[in-house]
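Visitor: I would like to learn how to read a few features of a protein model. Please take me through them one by one.

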Amino acid sequence: ITGIDFNNRGDIFVTCSEDGKVIIWDWKDKTKTFVIGFKDAVSDIKIHPRKQEIVVGTKGGKLETWDLEKGTKINVIKKFEHPVSHVEFDNNGKRIISALDDGSVHIWEYRVSLYLKTLIGHERSIESIDFSTNSKYLISSGSEKSVFLWDLGNEEKVEKFAMDNHRVQEVRFIPNSLNFITAGTNGLVKIWDSKGGELVRDLIF
């Protein structure tokens, strides 16, 4: 299993896997509603925050949207040359982010699948991405052991955070803040101050 997500009502969740399957589940009955098959491994999947629709990214480079209730394809947004590693909706559901194994991050206008911008900075594949609560900022971690903070208003990189000798596998904004938390291959959870670019605290298990 490579991805899982719930809708806002909590009655439907979706899973995706390396065998190319996207499964839409009924939470109440714990049963499969639809099974969607892809030729390639499915890297990530997200449910729209307001609609019964999903965005899917595959190792074959496909970025597509699907109807949750009908199990039918809505649109093929893009077929990339590189694998899609992560996908995400912003908190308003107006934009889609697709992150690729080549380190690039692509922004799309959701309703019309319009390409908006490519963010370049990472040298290797993207490990994790997250939107700020107000959807004005994006944070991304790459396998080259760095984290970038992006301002989506002017579409520029605000800050680069070096992660020493470990990869950050998950990065998340703290709600209603630009500070963030990272979890890495060194087994540590770290809290960061995005404005000062400084480590606030290590959480050791």
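**Salt bridges, cores and backbone**

Guide: Start with a pair: the side chains of D44 and K46 form a salt bridge, at 3.2 Å from N to O. The term requires a side-chain nitrogen of Lys or Arg within 4 Å of a carboxyl oxygen of Asp or Glu. This is a predicted model, where local features need pLDDT of at least 70, side-chain atom pairs count only at pLDDT 80 or more, and totals for chains, interfaces and linings use all residues. Residues are numbered from 1 along each chain as its sequence is written, and side-chain values use heavy atoms, with hydrogens and water left out.

Visitor: Are D44 and K46 buried or exposed?

Guide: Both D44 and K46 are buried. Buried means under 20% relative accessible area, exposed means over 50%, and partly exposed lies in between (1.4 Å probe, protein chains only).

Visitor: How many salt bridges does a search of the whole structure find?

Guide: Side chains of opposite charge can pair when their charged atoms come close. Here the search finds six. Among them, K73 meets E64 at 3.9 Å, N to O. K73 is partly exposed, at 45% relative accessible area. E64 is buried, at 2%.

Visitor: Which parts does the pair of R167 and E127 tie together?

Guide: Those side chains meet at 2.8 Å, N to O. R167 sits in the loop between β16 (156–162) and β17 (168–173), and E127 in strand β13 (residues 126–131), so the bridge links parts 40 residues apart in sequence. Strands are DSSP runs of E, at least two residues, numbered from the N terminus. R167 is partly exposed at 30%, and E127 is buried at 16%.

Visitor: Which residues touch the most other members of the largest nonpolar core?

Guide: In soluble globular proteins, nonpolar side chains tend to be buried together. A nonpolar core is a set of buried Ala, Val, Leu, Ile, Met, Phe, Trp, Tyr and Cys residues joined through side-chain atoms within 4.5 Å. The largest has 14 residues, and V14, V22, F38, I45, I54, V56 and L68 touch the most other members. β2 (12–16), β3, β5 (42–47) and β6 (53–58) each give two or more residues to this core. A second, separate core of twelve residues includes I126, I129, F148 and W150.

Visitor: Where is K30 found?

Guide: K30 is in the loop between β3 (21–26) and β4 (31–37). K30 has a positive phi of about 60°, although it is not a glycine. K30 is partly exposed, at 48% relative accessibility.

Conventions
Helices (H or I, at least four residues) and strands (E, at least two) are DSSP runs, numbered from the N terminus.
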